[in-house]
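Welcome! Please take a moment to look over the sequence and the model, and then let us walk through them together.

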Amino acid sequence: MPPKPLAVYIHWPYCKSKCPYCDFFKRVQKNVPQEKIVRAYLKELNFYHRLLPNRSVCSVFFGGGTPSLILPDNINRLLEYIFKLWKHEPDVEISLEANPNSEYPDMFRQLRRAGINRLSLGVQALNDNDLRFLGRTHNLKQALHSIDEVLKNFNNHSMDLIYARPNQTLDNWQQEMEQAIAFGFKHLSLYQLTIENGTPFAKKNIQTLDEECAANMYAYTVNYLRKLGYPRYEVSNFAPAAYESIHNKCYWEGGDYIGIGESAHGRLTLNGKFYALDNPPAQNGFSAKRHKEILTATERAEELLIMGLRLQKGIDKSRFKTQCGLDFDEFINQKAATSLEKQGLLVNHPNNLAATDDGFLLLDNLIMQLCS
Ligand SMILES: C[S@@+](CC[C@H](N)C(=O)[O-])C[C@H]1O[C@@H](n2cnc3c(N)ncnc32)[C@H](O)[C@@H]1O
Ligand code: SF4
């Protein structure tokens with residue numbers, strides 16, 4: 001068997017300011033010591049190369065935080081180093097999440113020149129009021145300028161929007177979707193606003209839309225985009241098959257990935273064992289103190305189920321068995337599966353199990369029942 005492809009996640013935890021809805025790990029600080037951090041990242045890459053010398057890299061993802069704050073020279077250095085250590089797949093995806101602020105003239109062209117071949121732009125809303133409400137540092141004019149630049153400089157691109165904002169109507173969202181689709185992005189990530197514990201939104205007791213309105217918006221989004229050739233391939237991700245994110249599919253399909261940087265995590269199969277690795281946040285920026293844990297077959301199986309059911313195509317049962325050693329039909333609660341299928345929430349074929357459109361609205365519940 002050829003060695004498993006490897007995805008590389010590089011976390012840049014720094015942001016210009018903190019958005020009040022966000023509970024991702026991030027820091028706001030002046031004078032980020034980029035040189036020191038990049039050198040630590042190179043060391044971290046060496047560590048993983050010693051562990052996994054013969055892999056082929058299928059994707060590199062710069063996520064955050066705000067990785068568009070990394071200087072292009074540093075992005076290029078990291079990429080050159082990765083591809084010096086490992087060979088890569090012919091269609092290797094090299095993504096970066098950018099905020100729609102140009103940190104320096106020509107930012108998007110420079111990111112392309114540094115080696116990024118897929119740009120994911122965090123637009124979040126297409127009107128100034130909602131951008132202000134979301135605490136973004138960009139306004140609509142800046143967003144439109146960045147959209148233009150991304151489309152000009154990249155052939156593979158994605159846009160993030162957050163919907164089901166307080167006071168947003170279905171009608172507003174329909175108009176925003178029409179506007180979004182007209183730009184011509186190859187991929188859309190559309191997230192329902194969630195109020196995460198401990199965030200400023202939670203402290204201010206900001207309320208999301210009621211469940212029924214949010215579910216209507218989601219149903220509308222899925223149907224509208226399906227008709228336009230952007231089928232849902234994961235709960236919040238929509239694209240023609242050729243533009244599905246290779247990197248994120250690696251997470252959802254239980255592939256191997258390493259996480260570089262503070263608070264990044266990874267999953268690895270090594271000598272028949274399955275490892276969960278993470279770099280816990282440190283007091284002073286980057287820490288190389290890795291936390292490593294071997295997952296049991298059951299823990300691994302649960303993860304595969306939780307991640308795999310997020311995909312439109314669901315879970316391939318024979319792959320599940322090769323990935324965790326357990327038989328899928330024996331692992332899940334068969335009584336629950338039969339009942340969920342009768343309710344029209346699941347499709348359970350001999351080779352595959354997937355949620356239906358109605359099932360997608362109750363995914364957490366489905367997973368809980370199947371694992372019970
Ligand atoms: C790592 S985050 C942020 C990436 C980038 N720093 C930005 O702000 O655009 C990736 C995406 O998750 C989504 N997201 C983060 N927090 C969210 C929340 N509470 N509710 C819904 N979507 C959220 C946003 O759409 C965001 O673009
Ligand atoms: S949403 Fe993005 S820019 Fe805002 S705080 Fe979170 S990671 Fe930073």
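Accessible areas here come from the Shrake-Rupley method with a 1.4 Å probe, and for residues only the protein chains shown count as cover. By that method, the chain exposes about 17,700 Å², and carbon and sulfur atoms supply 50% of this area.

A word on the background. This is a predicted model, in which local features need pLDDT of at least 70 and side-chain atom pairs count only at pLDDT 80 or more, while totals for chains, interfaces and linings use all residues. Residues are numbered from 1 along each chain as its sequence is written, chains are lettered from A and ligands numbered from 1 in the order in which they are written, and side-chain values use heavy atoms, with hydrogens and water left out.

**The chain as a whole**

The chain has 15 helices and 15 strands; these are DSSP runs numbered from the N terminus, with helices being H or I of at least four residues and strands E of at least two. The radius of gyration is 21 Å, close to the 21 Å that the globule rule gives for 372 residues, so the chain is as compact as a globular protein of that length. That radius is taken over C-alpha atoms, and the rule is 2.2 Å times the number of residues to the power 0.38. Along its principal axes, the C-alpha trace spans about 60 × 55 × 40 Å.

How much of the chain counts as buried? The share is 53% of the 372 residues, where buried means under 20% relative accessible area, exposed over 50%, and partly exposed in between (1.4 Å probe, protein chains only). Among contacts (heavy atoms within 4.5 Å) between residues at least 6 apart in sequence, 67% join residues at least 24 apart.

**Around ligand 1**

Ligand 1 is surrounded by 16 residues, and the closest are Gly65, Gln124, Arg136, Asp160 and Thr194. A residue is near the ligand if one of its heavy atoms lies within 4 Å of it. The shell divides into 5 nonpolar, 8 polar and 3 charged residues. In this grouping, Ala, Val, Leu, Ile, Met, Phe, Trp, Tyr, Cys and Pro count as nonpolar, Asp, Glu, Lys and Arg as charged, and the others, Gly among them, as polar.

The table lists polar contacts, pairs of N or O atoms within 3.5 Å.

| Residue | Atom of the residue | Atom of ligand 1 | Distance |
|---|---|---|---|
| Gly65 | backbone N or O | nitrogen | 2.7 Å |
| Gln124 | side-chain N or O | oxygen | 2.6 Å |
| Thr194 | polar backbone atom | nitrogen | 2.9 Å |

The protein covers 91% of the 560 Å² of accessible area that ligand 1 has on its own. Which elements give two or more residues to the shell? They are β4 (118-124), β5 (157-163) and β6 (187-192).

Gly65 is found in the loop between β2 (56-64) and α2 (72-85).

Ala164 sits in the loop between β5 and α6. Although Ala164 is not a glycine, its phi is positive, about 60°; at 2% relative accessibility, Ala164 counts as buried. Asn205 also has a positive phi, near 60°, and lies in the loop between α7 (200-203) and α8 (211-227). Is Asn205 buried or exposed? With a relative accessible area of 55%, Asn205 is exposed.

Finally, Leu170 belongs to helix α6 (residues 170-183) and is partly exposed at 34% relative accessible area. Leaving out residues up to four places away in sequence, Leu170 touches Asn216, Met217 and Tyr220.

Definitions and conventions. A polar contact is a pair of N or O atoms within 3.5 Å; within protein, one must be able to donate a hydrogen and the other to accept it, and residues adjacent in sequence count only if both atoms are side-chain atoms.
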